[in-house]
Amino acid sequence: MPERIETESRKLLGRLRDTMASEIAGQARLDKITNLIADSMRTEVCSIYLFRDPETLELCATEGLKKEAVHETRMRLGEGLVGRVARQGRVVNTPDAPSAKGFRYMPETGEEIYSSFLGVPIQRLGEKLGVLVVQSKEKREFSADEIYALEVVAMVLAEMTELGVFLGEGAALSARHQQSELIRGITGQEGTAEGHVWLHEPRVVVTNPIADDPQKEQERLNEAVEQLRVGVDKMLEMSTASDKDHRQVLEAYRMFANSKGWMRRMEADIDNGLSAEAAVEKEQSLARSRMSQAKDNYLRERLNDLDDLSNRLLRILTGQGRETGAELPADPILVARNIGPGDLLEYGRSLRGIVLEEGSVGSHAAIVARALAIPLIVRAERITTEALNGDQIMVDGDQGIVHLRPDDSVVNAFRDKIAMQAQAQHRYTSIRDKPATTLSGETITLTMNAGLMADLPSLDSSGAEGVGLFRTELQFLVRNQMPKRMELAALYSRVLDAAGGKRVAFRTLDIGSDKVLPYMKPNDEPNPALGWRAIRVGLDKPGVMRMQLQALIRAANGRPLTIMFPFVAQYDEYRAARAEVDKAIQREERLGHALPEKIEIGAMLETPSLAFAPRQFFEEVEFLSIGGNDLKQFFFAADRENERVRRRYDTLNVSFLSFIESIVERCAQTGTPLSFCGEDAGRPVEAACFAAIGLRSLSMRPASIGPVKSLLRRIDLGTLRAVMDEARDSGVQSVRPAVMEHLRTAMATTAGS
Ligand code: PEP
Ligand code: MG
C-alpha cells in the first residue's frame, strides 16, 4: 500500500473520529463528513445516500452537488449507478459516468458535469445501509488504493449509522433499530406471544471503529486470534472421532484461524486506521456479501464457517456476547438465524415465542417448538439484523407476522387479539372435563400428541383422554449420540407414570426424511421423503428398534403398553414389526422382567397403499392411526416441507375426504379401531368434517383440544354430513365453502353453549 494513501486514509479516519466526538448535530455532521472525504480524496463531489426503506435510496448529504437536492433526490434500488452499487453490493468505478450503463441523469443535483464516478456500498455485515460516492470533473479511473480507502471510510460510516450518530435536528433520518417494523415469515407453530427480544447470538456493537494506534490494535488482534485458536484446538480435542460433521466444521475453523490471507487483510485494515474489531467486521462483511452470491454449496458452507469464526473473534475483542451474563428477560422471545433442537430444549418453556431468520417448518427446532407449544415463525427475513436485545416484539404465529418495536395502535390491536384468545381459552377450560359429545349424540375421543416429558402436564390442563401419538424421535434427535436403553426406559416409565393410567401410544422411532440423526451417517437420497425412513430403517437395521422395544417393555413394568409403528406401507412390514415385538417379549420373559399386562400393537396409515391392504391386515392390526401429514403429501404428491406446494391442496378436498371415508369404512367392516393424528385433526373445521364422515378418535396438539371440543359440542353431525354430501354431489373441489357457511349459521343459533 503506497505511503501516501495509507497516511491519507488514516488521517481522514482521524478527522472522521473527531467529527463523531464533536457536539454537532446529525445533518451538520453528515455534511461535515462529505466535506472531509471530498477534501481528502481530492474530488469535487462526495455524497452519502442512505436507504429510506429497503427499496429506496435517498441523498442524505453532499459536498459538490446542489444542496437543495439533499433529502429530495431519491432512487429505487438498482436505478442509476448509485442504485447499481446498492443492489449488487459492489464497487462501481468509471471515468465516464454519463456513458456508463445504467447512468441516470438527475438535473436537480447538477451532476452531469462530473465525469468520474466511484461508488462503494455502505454495508454492515451484509446488511445494506447505503452508498458512498465520490465524483470528479477530471476523466480518470480511481486507483485500487483509492477504492480501498473509500471502502474503509464506508465501513466506518456503516458503524456510525448503526450507532445513530447522524440523528438529530434536520437530519431527517430516523434511528436505525428504533422504527417499528413488520416482518413477514412463515408459521412454524400457531399462537400469539408478546415479549422482549432475546438474541441467541447477540449482535456485537462496535463503538470504536477508528483507532489511532495501529501498533496497539495489531497486538489486540493478535491476542484475540491466539485466544480463538486455543479455543478451537480445545474444541477439537474434546470432539469425538465419530462426530465427523462437527469435526469437519472445527477443522475449517482452524484453517481460517491460521489463514495468513485473512490476517494480512485485517492487518492492512488496521494500518489504515481501523480498530481491531472494525477490521474483523470489515472482512466479515466482505465474506457475507460473497456468501450471498456464492452458488456452490461447499463454498457457502465455508464462508458460513468464516462468519461464525468472525463472530467469535468479535466477541473476544469486544467482551460482548453470551458470556457477558446478560439476563434473559422475564418474557423472552428468542430471535436467531437458526437454532438446534438441543439449544432450544435448554431454553425450554421459558420462551414465549421464537422467530428464526432461516429454519423450516419441518426442522428439528420446529418439531421441538411444536412439542413445547411455543409460537414459532421461520424465514423471518432480516430479523437478526433488525432486532436488538430487549426490543419489544409481538409474534403472530397464526398469520406468520412479527411486529418489532410496534406502534401503540399495533400493540392495542394485538392485545385485543390475545384477550379474545384468552377469553376463548377460558371457555375451553369450562368444558375441559366434559365429553366431546355432539348435538346429535356421538362422542368423539380427543387425545393429544406429545414428544417430551414436559408435554405430559398438558394431559390434565387440556382435558385430553390420553396420548394418541407419542413421537419418540425427539430423544434421539436432540443428542449427539444414540441414547442408551436404560435412559429410554427411565423416560418412558416417567411418561407412563405421568399419564396416570391413561393410554399412551408410543410411536417407534420415525427417522429419515426430514428427521436426520446427528450421529447417523446421512444417506444422500434423491428423495428422502420417499426414501429409507421410519419402519424401513427399523426393519433393515433392527438393532435400534429392538433396543427401543426392550426399553418400552421395561418401562411398562407390568402396566398396559401401546406401540405404534410409523409409515407402514404394506401388510408384511406390520407382520415383521410385530414379530420383533413378540421376540422382544420372549427375551424379556427369559431375562425375568415383568411383562405388560396387555399389549396393543398398531400401525400408522401414512401411505395410500395401506388403505388397500388385504382384509387380513385390517383384522390383524389392533388399531390404525392416520398420519394425515404424510398421507396428504403422498395423496396429492405435494411435499409437506415445500412452501410452494404444501398449502396447495385443501384437506377438505372431496377426493381426500372420500379417501379418508373409505378407510373409515374398511375399518368399520373389520371392527378395527381408527384414529387420526396429523395436524389437521387439531383444526376445528377439519375435525368436525372427519367426525361427520365417521372418525371417532382424533389426536392433536394439546392447545387444539379446547377449540375442537368446543365446536364438536355445538354441531349436529348428521346435518353437517348432509351439507358435505350435497356439496360433494354438486361437483365442487372442496366442501369447505359450504361447510363454513353452514357452521356460521349453526354457530349463530347455538352461541354460548
Ligand atoms: C403424520 O405424518 O401425520 C404424523 C402424525 O407423523 P409426523 O408428522 O411425525 O410425520
Ligand atoms: Mg408421519
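Which helix is Met263 found in? Select Met263 and look at the helix around it: this is H7, residues 260–271. Keep in mind throughout that the model is predicted.

**Stop 1: Met263**

With Met263 selected, is the residue buried or exposed? Its relative accessibility is 11%, and buried means under 20%, so Met263 counts as buried. Now show what lies around the residue. Setting aside neighbours within four places in sequence, Met263 is in contact with Leu221, Asn222 and Val225. Met263 and Tyr347 are 36 Å apart in space and 84 residues apart in sequence.

**Stop 2: Thr508**

Next, select Thr508. This residue is in the loop between strand E18 (503–507) and helix H17 (535–540). Thr508 has a relative accessible area of 3%, so it is buried. Which residues does Thr508 contact, leaving aside its neighbours within four places in sequence? Display Thr472, Gln548, Leu549, Ile563, Met564, Phe565 and Pro566 to see them.

**Stop 3: the magnesium ion**

Select ligand 2, a magnesium ion.

**Stop 4: helices H22 and H23**

How do the two axes cross? The crossing of H22 past H23 is right-handed.

Now show the side chains where the helices meet. From H22, display Leu631, Lys632, Phe635 and Phe636; from H23, display Ser655, Phe656, Phe659, Ile660 and Ile663. Of the residues in this contact, 7 are nonpolar, 1 is polar and 1 is charged.

**Stop 5: helix H25**

Finally, select residues 702–712, which form helix H25. How many of its 11 residues are buried? The count is 9, so H25 is largely enclosed by the rest of the structure. To see the buried residues, pick out Pro702, Ser704, Ile705, Gly706, Val708, Lys709, Ser710, Leu711 and Leu712.

Methods:
Residues numbered from 1 in each chain as written. Chains lettered and ligands numbered in written order. Predicted model: local features only at pLDDT ≥ 70, side-chain atom pairs only at ≥ 80, totals over all residues. Heavy atoms only, no water. Left-handed = near helix turned anticlockwise from the far one by under 90°. Helix = DSSP H or I, 4+ residues; strand = E, 2+ residues; numbered from the N terminus. Contact = heavy atoms within 4.5 Å. Nonpolar A, V, L, I, M, F, W, Y, C, P; charged D, E, K, R; others polar. Donors = N, O, S within 2.8 Å, 3.2 Å for Na, K, Ca; no water. Buried < 20%, exposed > 50% of the residue type's maximum accessible area, 1.4 Å probe, protein only.
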